[in-house]
Amino acid sequence: MIKIKKTDCPEYLLRPHIEDRLVTIKQEIDDPEIEHDIPDYWRNNAVRDELYAAHYEGKCCYCERRRDRTREPDVEHFRPKKSVKNTSHPGYWWLAYDWNNLLWACKACNEDYKGTKFPIFNENKRASNYCLDENIERPKLINPRREDPAEYIGFSCEKHAGRYYVRPIAKPHLTGEKREKANATIDMVGLDRDTLVSERGEALQGLKEIADSMIMAKKSMMHLRMEGKTEDAESIQEEVDRLANLIGEATNPIKSFCGVRREFFINYGLDKYISNI
Ligand SMILES: [Zn+2]
């Protein structure tokens with residue numbers, strides 16, 4: 001997971017028919033005789049285009065896998081709109097068209113794992129209706145719109161038979177609620193499922209060579225400068241620049257599994273070269 005890009009609410013979501021629909025739901029919601037309908041206006045292309053851009057060309061907000069835009073259309077509601085698992089909550093229907101509640105997720109994370117789960121730490125403060133402020137809730141799920149997931153989730157890498165396998169873990173220094181939040185998020189959207197563990201490993205292939213070359217080049221350059229061999233040092237600078245570009249490209253947020261790629265270079269002490277886009 002990485003933090004998603006801040007973008008403006010599409011004008012489409014502010015149109016009167018959407019507000020009208022919410023007014024109707026508000027009137028229907030307390031009547032058990034009426035099955036209220038929440039039309040999927042969030043699937044409108046104007047909304048999906050903006051979500052696609054905010055999620056670095058359509059990456060899943062949870063697993064960071066690149067999705068197929070046409071075969072896997074899944075607009076995700078951070079707070080579920082129709083019900084909340086293990087509670088009698090009617091769902092956060094009033095946020096069904098709220099830009100800040102919409103994310104872009106893959107089918108596996110959204111449907112196979114998250115579904116209508118939305119546990120919070122302060123259950124007694126859950127916003128059970130539209131009059132209450134949902135912002136006082138403390139969700140167990142990391143919200144990549146508001147928080148930097150890298151503050152919570154790190155990775156543990158193992159190598160077997162020449163292949164890397166990368167599992168998500170709560171960052172080791174975390175304690176208490178933050179640690180629980182990291183673990184709950186990993187569990188809730190299935191971030192340690194086998195397919196992702198392998199695919200993250202594949203995303204690291206070739207990066208070790210780049211990192212090792214960069215460390216070597218920087219060391220050589222430092223030694224040459226200390227020996228006063230400025231011209232030789234300058235020739236190595238070109239190699240450093242080339243490797244810096246490669247690290248920048250490898251950690252560009254449009255790349256799948258950018259979170260683990262970034263952590264990989266940070267662990268090498270090469271954080272100043274990672275993409276800051
Ligand atoms: Zn996903």
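In what order do the elements of the protein chain run from the N terminus on? In this predicted model, the order is α-α-β-β-α-β-β-α-α-α-α-α. Along the principal axes, the C-alpha atoms of the protein chain fill a box of roughly 85 × 40 × 35 Å. The protein chain has 277 residues, of which 32% count as buried. Among contacts with a separation of 6 or more, 65% are accounted for by residues 24 or more positions apart.

The loop between α2 (45–54) and β1 (75–77) holds E64. This residue is not a glycine, yet E64 has a positive phi of about 65°. Within 10 Å of E64 there are 28 other C-beta atoms, and E64 is therefore buried, the cut-off being 20 or more.

Helix α3 spans residues 107–114, and its buried residues are A108, C109, N110 and K114. Just after α3 comes G115, with a positive phi of about 55°.

Strands β3 (residues 153–160) and β4 (residues 163–170) form a pair in the antiparallel sense, with eight bridges. Two residues lie between the strands of this hairpin, and A161 takes a positive phi near 50° there. Within the pair, R167 in β4 has S156 opposite to it. Strand β4 also contains A170. A170 has 19 other C-beta atoms within 10 Å and is partly exposed, because a buried residue needs 20 or more. When neighbours within four places in sequence are left aside, the contacts of A170 are Y152, I153, R179, A182 and N183. By contrast, L132 is 38 residues from A170 along the chain, and the C-alpha atoms of the two are separated by 31 Å.

Two helix pairs were examined in the part of the chain that follows. Packed helices are described by the angle between their axes and the distance between the axes. Helix α5 (residues 194–204) packs with α8 at an angle of about 50°, and their axes are 9 Å apart. At this angle α5 and α8 are therefore oblique to each other. The crossing in which α5 passes α8 is right-handed. On the α5 side the contact is made by R200, A203 and L204, and on the α8 side by V260, R261 and F264. Four of the residues in the contact of α5 with α8 are nonpolar and two are charged, with no polar residue.

L204, found in helix α5, is buried, with 21 other C-beta atoms within 10 Å. Not counting residues up to four places away in sequence, L204 touches V260 and F264, and also Y164 and V166. Residues Y164 and V166 fall within the range of β4 (residues 163–170). In space, L204 and R163 are 9.4 Å apart, C-alpha to C-alpha, while in sequence they are 41 residues apart.

The second pair consists of helix α6 (residues 207–226) and helix α7 (residues 230–250), which pack at an angle of about 155° with their axes 9 Å apart. An angle over 145 degrees counts as roughly antiparallel, and α6 and α7 are therefore roughly antiparallel to each other. Their crossing is left-handed. Helix α6 contributes L207, I210, S213, M214, A217, K218, S220, M221, L224 and R225 to the contact, and helix α7 contributes T230, D232, A233, I236, Q237, E239, V240, L243, L246, I247 and A250. By type, the residues of the contact of α6 with α7 comprise 13 nonpolar, four polar and four charged.

The loop between α7 and α8 (258–267) includes F257. F257 is a residue other than glycine, and its phi is positive, near 55°. F257 is buried, with 23 other C-beta atoms within 10 Å.

Methods
Residues are numbered from 1 along each chain as its sequence is written. This is a predicted model: local features need pLDDT of at least 70, side-chain atom pairs count only at pLDDT 80 or more; totals for chains, interfaces and linings use all residues. Axes are lines fitted to C-alpha atoms, for helices over the stretch in contact, and angles run from 0 to 180 degrees between N-to-C directions. Helices (H or I, at least four residues) and strands (E, at least two) are DSSP runs, numbered from the N terminus. Angles under 35 degrees count as roughly parallel, over 145 as roughly antiparallel, 65 to 115 as roughly perpendicular and the rest as oblique. A crossing is left-handed if the near helix is turned anticlockwise from the far one by less than a right angle, and right-handed if clockwise. Two residues are in contact if their C-beta atoms, placed from the backbone, lie within 7 Å. Ala, Val, Leu, Ile, Met, Phe, Trp, Tyr, Cys and Pro count as nonpolar, Asp, Glu, Lys and Arg as charged, and the others, Gly among them, as polar. Two strands pair if DSSP finds at least two bridges between them. A residue is buried if 20 or more other C-beta atoms lie within 10 Å of its own, exposed if 12 or fewer, and partly exposed in between; C-beta atoms are placed from the backbone.
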